[in-house]
Amino acid sequence: MACGGGCGAHAPLAIGDALPALAPLRMALEPDAHAEELIGWLQAYLRVDTQNPPGNETAGARWMAGLLEREGIASEIVEFAPGRGSLIARLPATATSATTGERPLCLLSHIDTVTSEIAKWPADSGPLSGVRKGGEIWGRGALDMKGMGILELAVMVHLKRRAVPLRREVILLAVADEEVDNLGMKHLVAQHWDRIGCSHLLNEGGIAIEDALAPGQTFFAISVAEKGLLWLKLTAHGKSGHGSTPIPGRAPDRLLDALAKVRALAPPTQIHPSLYASFAAAGRDVGGVVGFVLQRPSLVDLLAVSDLRAEPGTRAAIENTCQITGFSGMFAPNVVPSEVSAQLDCRLLPGVAPRAFLAELQRAIGDPAVHFTVIHEAAATESPMDDPLFRTLLRHAPGLGPRVVAGPVLSVGFTDSIYVRPLGVRAYGFVPLQVSRALAETMHGERERVPEATFVRGLGVLWRVIIDAAAAPPAAGASGAAAAAMAN
Ligand SMILES: [Zn+2]
């Protein structure tokens, strides 16, 4: 439970100051005035079927490209396979401000969604309906992540309509195949990154959940890191034989023994600096004894770790985990097979190398008749909390609603951000939508939907973030006139 090398991060997070000269631009967009248009875009986008497999993301990319074209924003679609397209659209830096040296800011979303069990959705508001019902917009991808894709698209459109001067290029990326093999993002990184080259990127991975850390408080998680992964196939070998005569040391027994050792692993607890920082932010809001404890890492270590370990969601954030996800082999009831396999999904904390973890696992199992095959591996990735974009996110996140507290988190799952962080890109998971726990569970589940109110508010939050992160301050003396020209 040591704080590792990140103890310096225990000081309260620096929120940073916005450029006062950007204030008129930040106020220039009134989201409520554009609510109907914004909701209409999401409805239309939800109706484009990009459930993956098979994906068909080019259809979604074309829909976006058409809208952008009508707004005078050029874009291109690049495919890694027929029908599997990703979209790239750019707003260039304004010539006079291009000398700031800031590299582009990327706004990333994925076009594909997971599939749906239609029978589990209401007949009048299915996964491809895009229906408005009860103040919510229904459809697969409303939260993961066509909603955010539309917010990013809308920010591009409003920057263009208002001719906002930009001090850096803003690039919209909407990629294919995030939900299955990440081939869209891999393709962009391998084939097109030399002409994208952003230094910072916003993506999924963090969202605002009501009552997440304290009742009545909404915690807006901003993802700064993602656990690594090691997917393994364990195969036990032995002599085959007749099922009527049990003989020790046969393959199925060896596999079970190996898996029992995996399940008995007692990994050390390691609290990522982001978690201490978020507890402190939540604690300042809560106050009282609980707030006092949450703001002190040594007390969190002393008093909260057993609670964190008891809850699977938080336990996964503070330990290396391995979950058994499947079995394969011969299944004749009276034959002992010579070979049986199990599949493991291990997720690793920052600083843990997948191969080092594998060696540890092999040592713990200690059976030469059990062989390991690596299916997929990736180390954890992190972006710094000492970063101007991160501070900007932290500053604007509370604008999403009353008692919204924001803080950094280590995500236990991974997103397309893992492919760009190794290139030096600072990627943050930031989806400005406020949802209940129950609604958050509709992602990848049934009846996925987003409340209209938070969707519209999210546009305001994202707009203010992008203004601070990319707009050029108006020249002195021109700000009043410029602001008037840019108002709705
Ligand atoms: Zn997603």
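## Basis of the model

The model is predicted: local features need pLDDT of at least 70, side-chain atom pairs count only at pLDDT 80 or more, and totals for chains, interfaces and linings use all residues. Residues are numbered from 1 along each chain as its sequence is written, and side-chain values use heavy atoms, with hydrogens and water left out.

Helices (H or I, at least four residues) and strands (E, at least two) are DSSP runs, numbered from the N terminus.

## The four-stranded sheet

Four strands form an open sheet in the order S11-S13-S9-S14, and their pairing is antiparallel. Two strands pair if DSSP finds at least two bridges between them. The edge strands are S11 (321–329) and S14 (370–378), each of which pairs on one side only. Neighbouring strands are turned by 20 degrees against each other on average, direction ignored.

Strand S9 (residues 228–237) pairs with S14 over eight bridges, in the antiparallel sense. Threonine 235 stands opposite histidine 371 in S14.

## Helices on the sheet

Helix H6 (residues 251–263) packs on the sheet and touches S9, S11, strand S13 (339–348) and S14. Contact here means heavy atoms within 4.5 Å. The direction of H6 makes about 15 degrees with that of S13. Axes are lines fitted to C-alpha atoms, for helices over the stretch in contact, and angles run from 0 to 180 degrees between N-to-C directions.

Helix H11 (residues 354–365) lies across S9, S11, S13 and S14. H11 runs at about 160 degrees to S14.

## H3 against H4

Helix H3 (residues 57–70) packs on helix H4 (residues 146–161) at an angle of about 20 degrees, with the axes 11 Å apart. That makes H3 roughly parallel to H4. Angles under 35 degrees count as roughly parallel, over 145 as roughly antiparallel, 65 to 115 as roughly perpendicular and the rest as oblique.

Trp63, Met64, Leu67 and Leu68 in H3 meet Gly149, Ile150, Leu153 and Val157 in H4. The contact residues divide into seven nonpolar, one polar and no charged. Ala, Val, Leu, Ile, Met, Phe, Trp, Tyr, Cys and Pro count as nonpolar, Asp, Glu, Lys and Arg as charged, and the others, Gly among them, as polar.

## H15 and its partners

Helix H2 (residues 35–46) and helix H15 (residues 452–470) have axes that come within 10 Å and cross at roughly 105 degrees. That makes H2 roughly perpendicular to H15. Ala35, Leu38, Ile39 and Leu42 in H2 meet Glu452, Phe455, Val456 and Leu459 in H15. By class, this contact has seven nonpolar, no polar and one charged residues.

H4 also packs on H15, at about 55 degrees and with the axes 9 Å apart. That makes H4 oblique to H15. The residues of this contact include Met148, Leu151 and Val155 of H4 and Leu462, Trp463 and Ile466 of H15. They divide into 12 nonpolar, three polar and one charged.

## The zinc site

The protein donors of the zinc ion are His110 (NE2), Asp144 (OD) and Glu204 (OE), at 1.8 to 2.1 Å from it. Donors are N, O and S atoms within 2.8 Å of the metal (3.2 Å for Na, K and Ca); water is not among the atoms, so sites may look incomplete.

In sequence, the donor residues are spaced H-x33-D-x59-E. Histidine 110 lies in strand S3 (residues 105–110) and aspartate 144 in the loop between strand S5 (136–138) and H4, so the pair ties together parts that are 34 residues apart in sequence.
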